[in-house]
Amino acid sequence: MGGMAGMAQQNVSLRTILAYGCLSLPIGTIGLPIAIYLAPLYAGQLSLSLQMIGVAFLLARLVDFITDPLVGVLSDRWRPAIGRRRVWLVLGTLVMMAGVFLLFRPAEGIGIWYFFGAVSLVYFGYTLLGIPYAAWGAELSSSYHTRTRITSSARFFDIGGLIISTLIPAAVLAQAGATSADVMHQLSVFILIALPIAATIVFFLVPEPQAPVVKTPFNFRKSLALLTSNGPFARIVLVLLIGTIGEVFRQTITLFFARDVIGVTNIGAVYFYYFVTALIMVPFWLWLAQRIEKHRALTLAFIIIAITNGSMFFLGEGQELAFIALFVIKGACYGPVLMLPPAMIADTVDIDTAKTKDRQQGLFYALAGMIQKIGYALGASLPLIILGMVDYNSNGETSPAALSVLTLCYSIVPGVLVLAAAWLTIGYSLTEARHLEIRKQIDADGPPLEKPV
């Protein structure tokens, strides 16, 4: 299988790694505003029901059960002249730009169906961009550690985008009378300019991976069986689901907790400290993952996050410095949660390649992305539904009962979920040594893998 081995470059240039990663800058700018500012905008200023917004988030994600595997399979097997990964870069960029324009710039008088349609379009854009993009990165190298560097580059730019998504709100909210609508409008300006520029860089500077030498007919049942029998993949996907629910659950109500429980007036500035710390710590976590294995570094990060989440339970009105300190500590662990799971998924795909002599990165990332999006949907919708059940006032709450529910949702619930993710991660079995054995078998064109992993 020399063609496949030759395709998987061991020494990927720094220029290629940085060019690949830059697309994550505008993409990374989109997620936080959706988690933090969307509910205050649509519920607080446009008077939509919190519960209906939560339900709309959940329903919009259900479409991904169809689109994610479809895009994953098509991106693996469709071979247009423009490139089997590049074509999705173009389509995804156009759809994402349309979705951001509609979702971030709603007019007065819109209803819940407008919100549902706009957020669904953004999620579809994520699918068209994200799945082929992740598969593209996994195919740039078959090296255990080079893959971590590639995903680290994407996450480095991703965190850069998150920093931008805090700086812009901080600057906007510093102006008298500024609202969530003003924040979302200014963020949309940056995204609509940066996204096509970054996509152009990736299109021209990142090499299109060669199609696999073997192109077996797609069999859904066989592919599903291979996915579910891949132990390390199943475990890391479950970790993604639980960890994502915990993190997004907290993120969705951060503005409410910071404002109504702690008394923070500008959460954008706090998030700036958070993401700058995350950016600074990326090289450390990259080094640690190479020293103690990816899954152990990820476990450590989850444990620290769980402790900081739980500690928020004991904070109250006026303890802004303690809140910021815990926030920054958690921010130091944000990088590995972003960069290590995609690199681990890339390694698990090699188990499938060793069994089938085919490469189905798109399908694997589609399933992982679909499961993670379920986590996003549950994490974004459940806290809003719960707060709606206790008649939480999204414009500012003072009721002790409602604030108690808010505090539990912000601290204990995500802390327990992230701790469960840590417990699952420590049992991950695809170590560097085992992965090297699998790669040697693939590159030597050995018989299909039979030994369980």
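**View 1. Surroundings of Q361 in the predicted model.** Setting aside neighbours within four places in sequence, Q361 is in contact with D76, R85, A135, A138, E139 and V349. Contact means heavy atoms within 4.5 Å. Q361 lies in helix 18 (residues 361–389). Helices are DSSP runs of H or I, at least four residues long, numbered from the N terminus. Q361 counts as buried because its relative accessibility is 3%. Buried means under 20% relative accessible area (1.4 Å probe, protein chains only). This is a predicted model: local features need pLDDT of at least 70, side-chain atom pairs count only at pLDDT 80 or more, and totals for chains, interfaces and linings use all residues. Residues are numbered from 1 along each chain as its sequence is written, and side-chain values use heavy atoms, leaving out hydrogens and water.

**View 2. F57 and the nonpolar cores.** The largest nonpolar core has 135 residues. Such a core is a set of buried Ala, Val, Leu, Ile, Met, Phe, Trp, Tyr and Cys residues joined through side-chain atoms within 4.5 Å. L23, Y42, F57, L103, F115 and F323 have the most contacts inside it. Beyond its neighbours within four places in sequence, F57 is in contact with I34, L38, F115, V119, Y123, A377, A380, S381 and L384. Another core, of five residues, lies apart from the largest one; V71, W88, V95 and L128 are among its members.

**View 3. Helix 12 against helix 20.** Helix 12 (residues 231–252) and helix 20 (residues 412–425) pack at about 160 degrees, with axes 8 Å apart. Axes are lines fitted to C-alpha atoms over the stretch in contact, and angles run from 0 to 180 degrees between N-to-C directions. The two helices are therefore roughly antiparallel, a term for angles over 145 degrees.

Definitions and conventions. Parallel < 35°, antiparallel > 145°, perpendicular 65-115°, else oblique. Buried < 20%, exposed > 50% of the residue type's maximum accessible area, 1.4 Å probe, protein only.
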